[in-house]
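Hello,

Here is the structure I promised to pass on to you. Please open it beside this email and follow along as you read.

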Amino acid sequence: MKYLFPRQPWDRALVAILVALFSGFCIFTPGFYDGFHGTLAITEEFLPFGFVALGLSVVILTGGIDLSVGSISGLAAVIMAILIKSYGLNTWLAVLLAIGAGGGLGWLNGQIITRLRVEPLIATLSTNFIYSSIAIALAGASPPYGFGPAFGELGTGALAGWVPVQLVIFIVLAIGFSGLITRTGYGRRLVMIGYNRDAAHYAGVSVASVERRAYCISGIMAAFAGIVLASYYDAVRADMGDILLLTSITMVVLGGISIFGGEGGILGVTLAVMILGVLRQGMLIAGFSDMVTTMLIGAILLSSIAIKNLFSSRGFDLGSIIRRLSSLRPPERMAPRS
Amino acid sequence: MSRTSGLLAAAGIDKRFGANSVLRNVSLSLAPGEVHTLMGENGAGKSTLFRILAGIHQPDAGQISLDGAALDLRNPSAAYGHGIYLVPQEPALLKELSVAENMFLGMLPTRGRFPSRIDWKTIRGQAQDALSALGLDVDVRDDAKHLSIAQQQLVECAKALLRGCRIILFDEPTSPLTGREVGILFAIMRRLRGQGCTLGFISHRMEEVSEISDRVSVLRDGAVTDEVGRDGFDRARLVRAMVGREVIFDRRRVRREAQGEPVLSVRGLAHAPVFSGVDFDVRPGEILGFSGLIGSGRTEIAEAVCGLRAKSGGSVMLAGRDISTSSIGDIIEAGLVYVPEDRARHGVILPMSIRDNATAGQIGRLQRKSGILNRGREIAIANDTMHRYQVRARGIDQPAGQLSGGNQQKIVFGKWMSTNPKVAILDEPTRGVDVGAKDEIYRLIEELSAQGMAIVVISSELEELIVLCDRVIAIYGGKIAAELKGADVTAARVGAAFLGAEAH
């Protein structure tokens, strides 16, 4: 139990928020609490956001951002649907290819960012438009639907009749990502880059290669989320992923991962996934429109960044002072011009 | 323009930055019609003293007075009010604004009541006049970014005159200038001196100091160690005052002539216009010194050797293997490490733990086939680093940012040394660490060298080079200007080479 309970103050606060939010909806929103199994079933509604958030965490840990996750989800789902419907490919093979395509699109983001040296924000904003246009063009006027009951199990199935398949996959992936970040050499390099890109470079870390892989991972997770959505709805739409971006970024940032990189962990992100998921579903059941929820999530994103910034200026006293001083120091001069 | 400035005097100035005592009971007086030069090693407190006189820093103790009247210089504009102006080491012009706008920054004259308009005509006229008075021929409408560093310094000078300042402090103005530009600057300084201005000057270069100064004060470790007038100039005396503690020179009586094949061999390394034609060898067990002023190209050369910076030509051989085109990771793996000068930016990752920092140079080696890090070995390396370098910390999980500068430097040291390099290039290994930690670092360097590691020490501290090195190469203007070995490694010879005097 000692190890299960979060030790970071931020994570503890998230647990408290989650408990309060959940209890609040249970008490004040009739129809929200539908037994233990019903509560588990709610997770199916929001875990696709969580899959995107896991991949996005890796990118944000490097100090980057991926705004193209929504369009990658849509495009991957459309690609899968076309492979199944137009080319008659085996469903699971099509799923694998679509996830691979997501990885490829993420890899392309990484190439643009590291080789062409375009700011991640601009690079992925641009590819977001490019990918989503391609998705719309490929999908055509009447996108395919109906992929069979076996495929539907991914989004709506439940093990033993009550544990949603999505939840099982999410838990496995969250543990996997947590291990990736805290236990592997790749994760260590990722965090080093996020905290201090130059120092990582001087220590022999191939910064560009680590970053490219991060965007690739983000693309894969976005594609997977798109496929889960396709399974859940048993249909695809090119713009299906559009709602993913705001909520997933908020999940990552509320989860305690610093938008400047380096700081944070998957436990917090997982808690934030649950918080925002419960919030979305609770608001929906309570009868609020999607607009209200979106507004609220925007406000949460803003305030979690603001709180984090205010905290960190007090938190790492010495560190931030030294960093500030070091950035004020004039750069070494070049040799005299002759 | 003929009224003289008063006598600016600082008495008993103390200044601390955090735990670091920068100035201790420093007294200095700048007389009108004189160029008063401050000399001293990097970190001796010269710039800080000027910044206090210019109202940028506030002293913790002591008084500043002008003609006997105490001044309260709480900010730079208070200093302007008393006619004191500091021309900073890096001219602080706003690059995107015109020269005229820069000169009138903060005091743009306006015309008309409401809405008042900026009086461009007056600005341009006065700015142009001020520059012509200094003999600087630039169009004041031009953007400041088009000016050379030398021109920017003169614009700063004109700015001072426009503000009616008659006490002008130059913080190491000549280090980025060419010889001809230095000549122009000196001509202007002489003219200002002739007009009764008080001039403060900082320089490392002996020839310049003896050429322009009427009076020289030497600072060492935050205290004035000597002050001489024009007739008392003596190179040896000034060097002694700058370096001090002559006893420490004796520490290493035996300079070994290292035998054996060079382990690192650099030929024809070039990256125009920063450095060119750099050839040198280092042998196992040898400590080679790289001396040179900041800006001489020494850091750039080291970074190019270690694959951290582009080079346009030349070869680097490490233990018989060509590593000219290898990646940094491969170079570290092959046994060549560079311990960077700027610890906070390049050396240590402050928010990460001691363990993460100590193992950061060898993540690849700590990875199992699965990619998972071997935690046991990580802990062993971190504990070993803590123990071997006597790092004072709570434990290996403490963030590096909570440690003192000296202890951070030890972690950085340990991080590279635990990769078992054949050659280590140490860039200013004792910069920003206190005297005690300095001694420990010297001891470590000697220990590693005794174990057969080839070590290159880059330093602008004379003392450090004399104490540590078997052989010293002086870099001047991106080229190897002199090489000293054996009995030639003396304070006088290294000092001269360092300032470019031995360049042929």
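This is a predicted model: local features need pLDDT of at least 70, side-chain atom pairs count only at pLDDT 80 or more; totals for chains, interfaces and linings use all residues.

**Chain B overall**

Chain B contains 18 helices and 22 strands. Its radius of gyration is 25 Å, close to the 23 Å that the globule rule gives for 504 residues, so chain B is as compact as a globular protein of that length. If you look along the principal axes, the C-alpha trace of chain B spans about 75 × 55 × 45 Å. Of the 504 residues in this chain, 50% count as buried. Now take the contacts in chain B with a separation of 6 or more: 69% of them are between residues 24 or more positions apart.

**A helix to look at**

Is helix H1 of chain B, residues 46-53, enclosed or open? Seven of its eight residues are buried, so H1 is largely enclosed by the rest of the structure. The buried ones are Lys46(B), Ser47(B), Thr48(B), Leu49(B), Phe50(B), Ile52(B) and Leu53(B). Just after H1(B) comes Gly55(B), with a positive phi of about 80 degrees.

**A sheet with a helix across it**

A reminder before this part: strands of a sheet pair through backbone hydrogen bonds, either parallel or antiparallel. In chain B you can find an open sheet of four strands, in the order E14-E13-E16-E17, with antiparallel pairing. Strand E14 (275-282) and strand E17 (321-322) of chain B are the edge strands, each pairing on one side only. Strand E16 of chain B, residues 313-318, pairs with E17(B) over two bridges in the antiparallel sense. In E17(B), Arg321(B) is the bridge partner of Leu318(B). Helix H9 of chain B (residues 298-305) lies across strands E13 (264-271), E14 and E16 of that chain, and runs at about 115 degrees to E13(B).

**The nonpolar cores**

Which residues have the most contacts inside the largest nonpolar core? They are Ala76(A), Ala77(A), Met80(A), Ala98(A), Ile227(A) and Ile425(B), in a core of 176 residues. Helix H10 of chain A, residues 207-233, gives the most to this core, with 15 residues. Apart from this core lies another one of 67 residues, among them Met39(B), Leu73(B), Ala127(B) and Ile168(B).

Enjoy exploring!

Best wishes

Methods: Residues are numbered from 1 along each chain as its sequence is written. Chains are lettered from A and ligands numbered from 1 in the order in which they are written. The radius of gyration is taken over C-alpha atoms; the globule rule is 2.2 Å times the number of residues to the power 0.38. A residue is buried if 20 or more other C-beta atoms lie within 10 Å of its own, exposed if 12 or fewer, and partly exposed in between; C-beta atoms are placed from the backbone. Two residues are in contact if their C-beta atoms, placed from the backbone, lie within 7 Å. Two strands pair if DSSP finds at least two bridges between them. Axes are lines fitted to C-alpha atoms, for helices over the stretch in contact, and angles run from 0 to 180 degrees between N-to-C directions. A nonpolar core is a set of buried Ala, Val, Leu, Ile, Met, Phe, Trp, Tyr and Cys residues joined through C-beta atoms within 7 Å.
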